[in-house]
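Please keep the sequence and the structure open while reading.

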Amino acid sequence: MVKFLRITLVAAILWLAFPAPRAEAFDPVTLAVLAPVALQLAQAARPYLIRAAVNTGRGMLKVGKDVFEILYLPYGLFKMSFGAPFGGFRSGLVYSIKGLIAPGKMVFHTLLLPVYMVGINVNL
């Protein structure tokens with residue numbers, strides 16, 4: 001009970017000490033003055049944004065490839081079981097192993113997506 005009262009007291013003190021921020025509107029004249037500056041900054045940033053979008057697309061293609069490779073697992077198991085009499089056991093085993101590795105690769109490439117956006121290429 002004492003712990004609850006302490007937490008409530010600290011919360012009340014913090015709530016009173018730091019009130020919620022108030023919304024303030026911009027003056028329309030200020031927006032009109034700053035619009036040309038914002039356009040110049042957008043023009044200067046355009047090549048970097050395009051490069052980041054292209055690099056993000058490349059990273060997403062790697063993730064998509066890994067998502068597709070997850071389907072290798074059931075295909076490999078099917079090929080190992082029903083294709084074994086026809087010599088498909090070895091290739092089915094290879095597909096099954098690729099399918100087991102694919103989720104880890106997908107998580108790895110997903111975590112590396114911000115690195116890809118910056119433009120650093122990790123060939124893994």
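**Helix packing in a predicted model**

Helix 4 bends by about 35° at A102, and a proline, P103, follows within four residues.

**Helix 4: span and burial**

- The 23 residues of helix 4 should span 33 Å at 1.5 Å a residue, and the end C-alpha atoms of this helix are 34 Å apart, which agrees.
- The buried residues of helix 4 are G92, S96, G99, A102 and H109, so that A102 is both a buried residue and the place of the bend.
- The cover over the buried residues of helix 4 includes helix 2, helix 3 and helix 5.
- G104, which also belongs to helix 4, is partly exposed, with a relative accessible area of 45%, a value that lies between the 20% and 50% cut-offs.
- Although G104 and I70 are 34 residues apart along the chain, their C-alpha atoms are separated by 9.9 Å.

**Helix 3 against helix 4**

- Helix 3 and helix 4 pack with their axes 7 Å apart and at an angle of about 160°, which makes helix 3 roughly antiparallel to helix 4, given that angles over 145 degrees count as such.
- The crossing of these two helices is left-handed, and the contact is made by Y72, L73, Y75, G76, L77, K79 and M80 on the side of helix 3, and by F89, S91, G92, L93, Y95, S96, K98, G99 and L100 on the side of helix 4.
- S96, a residue of helix 4, counts as buried because its relative accessibility is 6%, under the 20% cut-off; leaving aside neighbours within four places in sequence, S96 is in contact with Y72, L73, G76, L77 and M80.
- G92, likewise in helix 4, counts as buried at 0% relative accessibility, and, leaving aside neighbours within four places in sequence, G92 is in contact with G76, K79 and M80.
- G92 and L77 are 15 residues apart in sequence, while their C-alpha atoms are 6.2 Å apart in space.

- Helix 2 (residues 28-69) has 42 residues, and a straight helix would reach 62 Å at 1.5 Å a residue, but the end C-alpha atoms of helix 2 are only 54 Å apart.
- At A45, helix 2 bends by about 45°, and a proline, P47, follows within four residues.
- N55, T56, G59, V63, D66 and E69 are the buried residues of helix 2, and they pack against helix 3 (72-82), helix 4 (89-111) and helix 5 (113-118).
- N55, placed in helix 2, has a relative accessibility of 12% and therefore counts as buried; leaving aside neighbours within four places in sequence, N55 is in contact with Y116, M117, V118 and G119.

**Helix 2 against helix 4**

- The axes of helix 2 and helix 4 come within 8 Å and cross at roughly 155°, which makes helix 2 roughly antiparallel to helix 4.
- Helix 2 passes helix 4 in a left-handed crossing, where the contact is made by K62, V63, K65, D66, V67 and E69 of helix 2 and by K98, G99, A102, K105, M106, H109 and T110 of helix 4.
- E69, found in helix 2, counts as buried at 10% relative accessibility, and, not counting residues up to four places away in sequence, E69 touches K98, G99, A102 and K105.
- From C-alpha to C-alpha, E69 and L112 are 18 Å apart in space, and in sequence they are 43 residues apart.

**Helix 1**

- At 1.5 Å a residue, the 16 residues of helix 1 (residues 2-17) should span 22 Å, and the end C-alpha atoms of helix 1 are 22 Å apart, which agrees.
- Helix 1 is hardly covered, since the count of buried residues among its 16 residues is 0.

Notes:
Residues numbered from 1 in each chain as written. Predicted model: local features only at pLDDT ≥ 70, side-chain atom pairs only at ≥ 80, totals over all residues. Heavy atoms only, no water. Expected span 1.5 Å × (residues − 1). Buried < 20%, exposed > 50% of the residue type's maximum accessible area, 1.4 Å probe, protein only. Bend = angle between axes of the 7 residues up to and from the residue. Contact = heavy atoms within 4.5 Å. Axes fitted to C-alpha atoms, helices over the stretch in contact; angles between N-to-C directions. Parallel < 35°, antiparallel > 145°, perpendicular 65-115°, else oblique. Left-handed = near helix turned anticlockwise from the far one by under 90°.
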